[in-house]
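Hi everyone, thanks for coming.

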Amino acid sequence: MLSSEFFNSIFTSTTLTGTDFLIATGCSIICGLVIALLYNVRNQCSKSFLITIAVLPAAVQMVIMLVNGNLGAGVAVAGAFSLVRFRSAPGRGQEIACIFQAMAVGLATGMGYIGVAAFFTVLISVLMLVLNLVGIGESSKQERILKITVPENLDFEGKFDGIFDKYLDRYSIEEVRTVNMGSLYKISYHVLTKAGISVKDMLDELRAGNGNLEISLSRPTSSMDEL
């Protein structure tokens with residue numbers, strides 16, 4: 001079990017010393033690097049994002065130290081930080097969670113809770129890594145988006161059901177729209193293919209039913225992880 005001293009603040013007085021500042025800053029930098037490195041294990045992100053996560057705890061820590069109970073300074077800092085959202089593109093949910101984690105670590109080190117910051121960094125980073133490794137919430141590898149183009153005079157409703165029952169476990173129409181000045185229909189299906197099927201055989205049978213017009217089968221591009 002961790003001792004109570006581990007979770008106590010290193011700041012024993014209202015006056016900030018150079019030693020306390022160096023310890024807090026060093027902890028912020030190390031925690032930021034740990035968060036960035038573990039986040040990069042199973043996530044695709046930019047170099048700029050990783051650098052931001054690495055330095056964000058130290059930046060927040062500095063702000064907290066400078067405010068240090070000053071109400072006026074706190075209000076001014078809050079107003080300055082609120083401008084950041086207007087210069088930021090919408091991010092994925094996990095990216096936003098990572099930013100909040102880095103800010104929480106900076107808040108803890110800025111108040112001198114070095115043990116709390118280190119424990120929180122390891123706990124949340126490892127938890128996020130484990131959830132990524134086990135693939136929680138990931139879509140099935142057999143999920144696809146099937147797009148079939150048919151002539152305008154073809155009654156497509158039920159036309160391909162026999163083929164779908166043969167090759168797919170589940171399918172549903174997501175979108176129907178006209179193309180080529182209304183002379184063609186393009187139908188988008190969200191499908192779940194059966195394991196071990198021949199994609200070529202399925203597409204060949206579909207081509208025979210749609211007059212050899214364009215057919216595409218691709219992975220779904222979903223924005224469900226955005227907030």
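I'll start with the whole chain, then go to one helix, and finish with salt bridges, cysteines and aromatic rings.

Before anything else, please keep in mind that this is a predicted model.

So, what are the elements of the protein chain? There are seven helices and four strands. From the N terminus on, they run α-α-α-α-α-β-α-β-β-α-β. The chain has 227 residues, and buried residues make up 31% of them. As for its surface, the protein chain exposes about 14200 Å², with carbon and sulfur atoms supplying 61% of that area. Let's also look at who touches whom. If you take contacts between residues at least 6 apart in sequence, 74% of them join residues at least 24 apart.

Now please zoom in on helix 7, which covers residues 199–209. Which residues of helix 7 are buried? They are Met 202, Leu 206 and Gly 209. These residues cover an arc of only 55° around the axis, so they sit on the same side of helix 7.

Turn the model around, and on the face of helix 7 away from its buried side you'll find the exposed residues Lys 200 and Ala 208. Just after helix 7, have a look at Gly 211, which takes a positive phi of about 75°.

Let's stay in this area and talk about charges. Side chains of opposite charge can pair when their charged atoms come close. How many salt bridges does a search of the whole structure find? The count is four.

One of them joins the side chains of Glu 205 and Lys 166, at 3.0 Å from N to O. Glu 205 is in helix 7 and Lys 166 is in helix 6, so this pair ties together parts that are 39 residues apart in sequence. Glu 205 is partly exposed at 28% relative accessibility, and Lys 166 is partly exposed too, at 49%.

Another salt bridge pairs Glu 214 with Lys 186, with N and O 4.0 Å apart. Here again the pair links distant parts of the chain: Glu 214 is in the loop between helix 7 and strand 4, while Lys 186 is in strand 3 (residues 184–193), 28 residues away. Are these two buried or exposed? Glu 214 counts as exposed, at 51% relative accessibility, whereas Lys 186 is buried, at 16%.

Arg 207 pairs with Asp 204, and their closest N and O atoms are 3.0 Å apart. The two residues both lie in helix 7, three residues apart, which is about one turn of the helix. Through salt bridges that share partners, Lys 200, Asp 204 and Arg 207 join into one network.

How many disulfides does a search of the whole structure find? Cys 98 is in no disulfide either, as its nearest cysteine sulfur, in Cys 45, is 8.1 Å away. Both Cys 31, at 5% relative accessible area, and Cys 98, at 1%, are buried.

Last stop: the aromatic rings. The count comes to five aromatic pairs. In one of them, the ring centres of Phe 156 and Tyr 185 are 5.7 Å apart and the planes are at 55°, so the pair is tilted. Phe 156 is in the loop between strand 1 and helix 6 and Tyr 185 is in strand 3, so the pair ties together parts 29 residues apart in sequence. Phe 156 is buried, at 13%, while Tyr 185 is partly exposed, at 25%.

The rings of Phe 164 and Tyr 171 also make a tilted pair, with centres 4.8 Å apart and planes at 55°. Phe 164 is buried, at 1% relative accessibility, and Tyr 171 is partly exposed, at 29%. Together with Phe 160 and Tyr 189, these two residues form one aromatic cluster.

How values were computed. Residues are numbered from 1 along each chain as its sequence is written. This is a predicted model: local features need pLDDT of at least 70, side-chain atom pairs count only at pLDDT 80 or more; totals for chains, interfaces and linings use all residues. Side-chain values use heavy atoms; hydrogens and water are left out. Buried means under 20% relative accessible area, exposed over 50%, partly exposed in between (1.4 Å probe, protein chains only). The arc is that of the directions from the helix axis to the C-beta atoms. Contact means heavy atoms within 4.5 Å. Accessible areas come from the Shrake-Rupley method with a 1.4 Å probe; for residues, only the protein chains shown count as cover. A disulfide is a pair of cysteine sulfur atoms within 2.5 Å. Rings of Phe, Tyr and Trp (its six-membered ring) pair if their centres lie within 6.5 Å; planes under 30 degrees apart count as stacked, over 60 as edge-to-face and the rest as tilted.
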